[in-house]
Each structure stands twice: as C-alpha cells, then as structure tokens.
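Please read each point alongside the sequence and the structure.

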Amino acid sequence: MRKPMMAGNWKMNNTVPEALDLARQIYQLVGDTTLVEQVLCPPSLCLHPLKTLTAAMPFALGAQNCHWQESGAFTGELSPPMLRELAQYVIIGHSERRQLFGETDETVNKKTRAALAHDLAPIVCVGESLDQNERGETVSIITAQVRAALTGLSAEQLQTLVIAYEPIWAIGTGRAATAQTAGDICGLVRSILREMHGGAVADTTRVLYGGSTKPDNISAIMEQPDIDGALIGGASLEAASYAEMVKITAQVYGG
C-alpha cells in the first residue's frame, strides 16, 4: 500500500519564528503518528531552523523550488545540492511558478532530473487552467505535462518521485474539483506512468491532489483509489485544519 502524504505548501508566508511556532502547534495536535507522511514546505530561509526543530518530530521537509544547475551565476536561486542538506522533497512546476515566473515543461523536466540526481524527491505539479478545462482539454494538457516532466528518466530514477494534480482553477479559489473528478485525473496520471514505465512504477508512485483541499472535503478525496494524499495550500497555514486533515486521512487508511 502506498503511504498517504499530506504536504503543506506554505508559499510566501511565515517568518522564521512564525514557521517554528506553526510546526510546534501541528506537532502538539498530531503527535508522533506515522500513518501519514507529513511534509512541511516552508519558504527556503525557514528550512534550516525547521530542520533543527523537527529533528525528533515525524515531519519531512520540502523546498518550494530549485534550480537545475549545481552552482553558478544564478542570483537568487538555490541548487539541489544546497537543498539536499536541509530537505527531503522539492516542489517543482507549481502553477504559480509556471504562471508568474516563466516555468515551462522544459524547465520542469530539467529541475526534476537535477533533483533526482541529488537524492531530492520531486513533487512534480501538473494542472490545467479554467479555460483549458472548459474547452475539454484537461486530459491532453495533463498527459502532455506528465510526459514532458518525465522525459529522459528511467523507471529506476522514479522510485521517490511524487506527482501532484493541481487544477489551476481550484488553487486558492475555494473551488475544489469533485472527489470523483480528482480521482479520475489522478487515475489518468497513473495510467500515463504505466504506459511510460510499467506497472511497478505506476503502482508505487504516489499521486496527490491539490486545490482548495480542506478538512470538510479531504475524506471524500482520500477515498479515491488513485489519490494518495494532498498538496495543501492555505489550509496548511492553520495548524488545526492541517492536523485535522492528517487525522482524517489516517482514519480513511484504517488508522
């Protein structure tokens, strides 16, 4: 069975003291449960202090972005070797990076390959816009994005990779896809993995859903057989709501 994951994308929120306080609050609410893998993805400057604080807590840490080069004249960027000392995961290709900062399918692929080469597990985001959704292009867009992200990678390289389906029209809008729709698209992602790399990769790769996930819809989402967790935005900034989602997920999985 694939272990469920609740990954909190804190985006550009929380100072270092605020991030530490949020992690403490979450831990107080969820304790040492290991039924659900909890990944905290704070702003990068919070990674080092959080690593120290959470050393004895059941949290993994994730960065929100990385560059594909190991070093060089890339002002403001962080490389996989730098992040590997602080985090286990890195979010790649989030729609906000694609829309606001010029991320492309090509750079997503470069970053994914670089992260894997340096033992960082990528959480690769794919998702369609509202216009694309309304034109009935969801399947073609998701298929193209997944294939582009995984170009040039072997089945062996994908052992730690996670894919997150985040429809752009649902991020931060309060408008989530129905559980059935989210499950269907995550099933599509898994079928693409099967076509590209075989059943073993498809059956073991975790596929997350993201987009206005909250305590009141997480149970129905997690009951979908092809959804293995959530990439949570705003709800992860509130300890009580994030912790409740972890607890509900554990219950769905028999905890």
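1. The lining of the largest cavity is made up of 3 nonpolar, 4 polar and 2 charged residues. This is a predicted model. The lining residues are Gly-93, His-94, Ser-95, Arg-98, Cys-125, Val-126, Gly-127, Glu-166 and Ile-168. Two elements, helix H4 (95-101) and strand E5 (121-126), each give two or more residues to this lining.

2. The largest cavity holds about 40 Å³ of space. With the threshold set at 30 Å³ or more, the count is 1 cavity.

3. Helix H8 covers residues 179-197, which is 19 residues. Gly-198 follows H8 and has a positive phi, near 95°.

4. Buried residues of H8 include Ala-179, Ala-182, Gly-183, Ile-185, Cys-186, Leu-193 and His-197. Among the elements that cover the buried residues of H8 are helix H7 (138-149), strand E6 (162-165), helix H9 (199-204) and helix H10 (218-222).

5. Tyr-253 lies in the segment after helix H11 (239-252). Its relative accessible area is 25%, which means that Tyr-253 counts as partly exposed, because that class lies between 20% and 50%.

6. Which residues does Tyr-253 touch, not counting residues up to four places away in sequence? They are Met-1, Arg-2, Pro-4, Met-222, Ile-227 and Asp-228. The side chain of Tyr-253 also reaches the backbone oxygen of Ile-227, at 3.5 Å. The C-alpha atoms of Tyr-253 and His-94 are separated by 27 Å, and His-94 is one of the residues lining the largest cavity.

Technical notes:
Residues numbered from 1 in each chain as written. Predicted model: local features only at pLDDT ≥ 70, side-chain atom pairs only at ≥ 80, totals over all residues. Heavy atoms only, no water. Helix = DSSP H or I, 4+ residues; strand = E, 2+ residues; numbered from the N terminus. Expected span 1.5 Å × (residues − 1). Buried < 20%, exposed > 50% of the residue type's maximum accessible area, 1.4 Å probe, protein only. Contact = heavy atoms within 4.5 Å. Polar contact = N/O pair within 3.5 Å; in protein donor to acceptor, adjacent residues only side chain to side chain. 1 Å grid on protein atoms, 1.4 Å probe; cavity = no way out; pocket = protein on both sides within 12 Å on 5 of 7 lines; lining within 4 Å. Points joined across faces, edges and corners; volume = space filled by probe spheres on them. Nonpolar A, V, L, I, M, F, W, Y, C, P; charged D, E, K, R; others polar.
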